[in-house]
Amino acid sequence: MARRVAIVGIGQTHHQAHREDVNQVEMVNEAVTAALEDAQLRIKDIDCVLHGNMELFEGVHQPDMWHVDGDGAYLKSGMRLTTGGTTGGTIACAAYNHVASGLFDTVMAVGWEKQEEGHTTTGIAAMADPLWDRRLQTGAISGMTAATMIRDFGERAGEVAAMVRIRDGENASRNPYAHLRNKVTREEVMNSYMLVHPIRLLHMCPQSNGACVLIVASEEKAGRITEKPVWVKDHVTTHMEAMLNETILMRDDLAEWASMRVCARKLYKRNGITNPVNEIDLFEMYDPMVWMEMEWADWFLLLERGGYLKLVEDGVTDRNGSFPVNPSGGVVTTNPIGATALIRVAEAALQIRGDAGEHQVDKEVKTAMASAFGGTFWTILHLLSKERP
Amino acid sequence: MGQRVGIVAVAQTKYEGSKPALRLAELAHQPVREVLEQTGLKYTEDGTGIDFSICATDDFWDAMTLSDTPIGDVVGAHHRPAEKVSQDGAQAALYATIAILSGHYDVALVVAHCKESQPASRNLITSCAFCPVCTRILGVDYLSAAALQAKRYMYKYGITREQCAKVSVKSYKNAKNNPYAQNAMALTVGDVLSSRMLAYPISTLDAYPVSDGACAMILATEEKAKRLTDKPVWVNGVGNCYDCHHLGDRDLADSDALEMAAKRAYKMAGIKNPRREIDVAEISGQYSYQELMWSEGLGFCGKGEGGKLIDSRATEMGGKLPINPSGGVLPGNPMIVAGLTRVVECVLQLKGEAGARQVAKAKTALAHGTSGPCGQLHSVLILGI
């Protein structure tokens, strides 16, 4: 029988471009120690350690083996789950599954990446089929989403892209763990280095080093560990078959067909949500570039195409708005890939707890949603709640 | 809990040293298609089909970031949930059990595939699993690490190369009864000892060959398992455990992690005396000494008694506790796949469908998988009918 599952501990590193001062194990250990401290637990209280990242970024085969020294899995149960960008979401789902199964009471999910030790675009390009697609694969910086947004909304799209980046920079400046913490201006965004037309440097996420750890526990344990458990109400994973992103993006029915919308519809149906913007208090979204947030948010939130642009323009998604998006600063300011999706869940949980510090949103957060993106348009959604489900 | 998880279908390919005609997706598709046909299940989410897919694959072995991507369509991962365990396949079966017990999914497909023939060298890949700061530069890989472990094990407990060689002789002999086995032959201890030395004391016939293959299974809630098959095999216990990484941090002659993993699985399955209560075991030994060491870790004999166990012939076909009637990993099962193959073989034994390798009256079986160097991570599943 399924048991209720709560997040009881959260830890992350100060995400940075350079961490020559630590090796992977030491970096992971920083987040593990922080999460244990947050939960007021010791490593002996943990039953199981789930580990994830993307192997070909750093070139360490099955790094969970080496990382035992830092993640505390010695003589514990555990496993390694990897699904690319969604990895952090997958290990959060797996942590939920482990506790809900009744076999484990306290489970730790460890997502990490140390991207300075490899080459991110090479790692991502190796995702494409070696026979058919690999020579065409561009890595993460693909201009199609931005191009279609500009096709449909013209200059307005570029203005909103800058607004999203300004908002993320403003939020990140308040988040001590964020990587790019500088506030940026419209002019800085508009004049930043062109990566791939029309994507500019400040539209795009950075390559970060960092780790994030989540400790989840059964209802019984959670009650003893914390006064502020954050409940995992539901999670939905939606993969898509492999193909070039460009092929996907040319579909006429993209909005209905994309995994973001399919995943969101499942989550909302199972949890009786009809108007997500009104019924969910906050959204931590995995947006590798501002353009993707602008397009995908329509799909996630069941909006008409371009509906989200208005929300941004009206300040609805600001930290003090009625539907804050990425109060942490989001992925555009911080992206240690294997940790990124887990950070979304962690940040959503911090907001529900009211423990986000300087980047705590103004409104009370009772329910929050966190998304993960990876692979060929794969999506995971987590729905968290303050109330026990 | 009060819930049980049942395995309702299993399939495997023949294991071969090289399968150049098959791309990874085609390889994975073979056992997947078979388990779909056996059950009549489809990839649906209306509660009538498979609602969760787990792949055991690995980015290094497949030379591909997100190695589950190319088999997405094979496992029905379109608009549906799928996850990847990038470890030995036994971990994937264990996770499927957990995912079903969680109540989040009812019916799960598990598939493991690997083509060890693709990389230029198996050791090149496993070398990358070692700490790049301290140990990788020494040139250590899973084979040379295993040689260190074998030497330490033999030294501490007086195990002989002959006793290890007996494991190879038994494995290759049993493999003759297994139509899926890669290599099967009649060997003598002398043949094993005189085969080409790879890393002392491991010679060619003490080590598993490069292998390609895939296997798959479908697991379901108790209620659905009973509807899907007349002969469900129940997962009565699961347990896994990590050991420390640096070889110098542990006494390589003892397998603390396996003892712990087994303890967890036995506790869940209510097994008090494994040697008596388990009818057949399929365990993952990539090198001959490992079957002896893992037998100790699993409690099939006392510490240091692995050599005596093989001498007693209790683990041969017809013995009290047959180990690896299929031949096990030594005649050839690829990494990532090997542990799931063990589960598949146990299911066949319990259903009485193991053909010439059938162990009579098998009611409780133990499947074991391992990942990492020198058995750093062990998974144990107790199956029953």
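Predicted model: local features only at pLDDT ≥ 70, side-chain atom pairs only at ≥ 80, totals over all residues.
In chain B, the surroundings of B:Leu381 can be listed residue by residue: leaving aside neighbours within four places in sequence, B:Leu381 is in contact with B:Ala90, B:Ala93, B:Leu94, B:Val235, B:Val238, B:Ala265, B:Val343 and B:Ala367.

How many residues of S7(A) are buried? The strand is mostly covered, with 10 of its 10 residues buried.

S7(A) pairs with S1(A) in the antiparallel sense over seven bridges, and within this pairing A:Ala6 stands opposite A:Ala217. S7(A) also runs antiparallel to S4(A), to which nine bridges join it; here A:Val216 is the bridge partner of A:Val107.

## The two domains of chain A

The domain assignment divides chain A into domain 1 (5-121 + 209-225) and domain 2 (135-204 + 232-385), and the C-alpha centres of these two domains lie 23 Å apart. Their contact takes 38 residues from domain 1 of chain A and 30 residues from domain 2 of chain A.

## Where the chains meet

The contact between the chains takes 48 residues from chain A and 52 residues from chain B. Elements of chain A that each supply at least two residues to the side touching chain B include helix H3 (64-71), helix H4 (87-100), strand S8 (230-238) and helix H12 (259-270). The residues on this side of chain A divide into 21 nonpolar, 21 polar and six charged.

## The sheet of chain B

Chain B contains an open sheet of nine strands with mixed pairing, arranged in the order S3-S2-S4-S7-S1-S8-S11-S10-S9. Strand S3 (82-85) and strand S9 (280-282) of chain B stand at the edges, and because each has a single partner strand, one side of each is left without a neighbour in the sheet. On average, and with direction ignored, neighbouring strands of this sheet are turned by 25° against each other. Within the sheet, strand S8 (residues 233-242) and strand S11 (residues 377-384) of chain B pair in the antiparallel sense over eight bridges, and B:Gly237 stands opposite B:Ile382 in S11(B).

Helices also pack on this sheet, among them helix H1 (residues 24-39) of chain B, which touches strand S1 (5-12), strand S4 (107-115) and strand S7 (212-221) of chain B and whose direction makes about 35° with that of S7(B). Helix H3 (residues 89-101) of chain B packs on the sheet as well, touching S1, strand S2 (52-56), S3, S4, S7, S8, strand S10 (364-371) and S11 of chain B, and its direction makes about 165° with that of S4(B).

Notes
Residues numbered from 1 in each chain as written. Chains lettered and ligands numbered in written order. Contact = placed C-beta atoms within 7 Å. Helix = DSSP H or I, 4+ residues; strand = E, 2+ residues; numbered from the N terminus. Nonpolar A, V, L, I, M, F, W, Y, C, P; charged D, E, K, R; others polar. Domains from an automatic or database assignment. Buried ≥ 20, exposed ≤ 12 C-beta atoms within 10 Å, placed from the backbone. Pairing = 2+ DSSP bridges. Axes fitted to C-alpha atoms, helices over the stretch in contact; angles between N-to-C directions.
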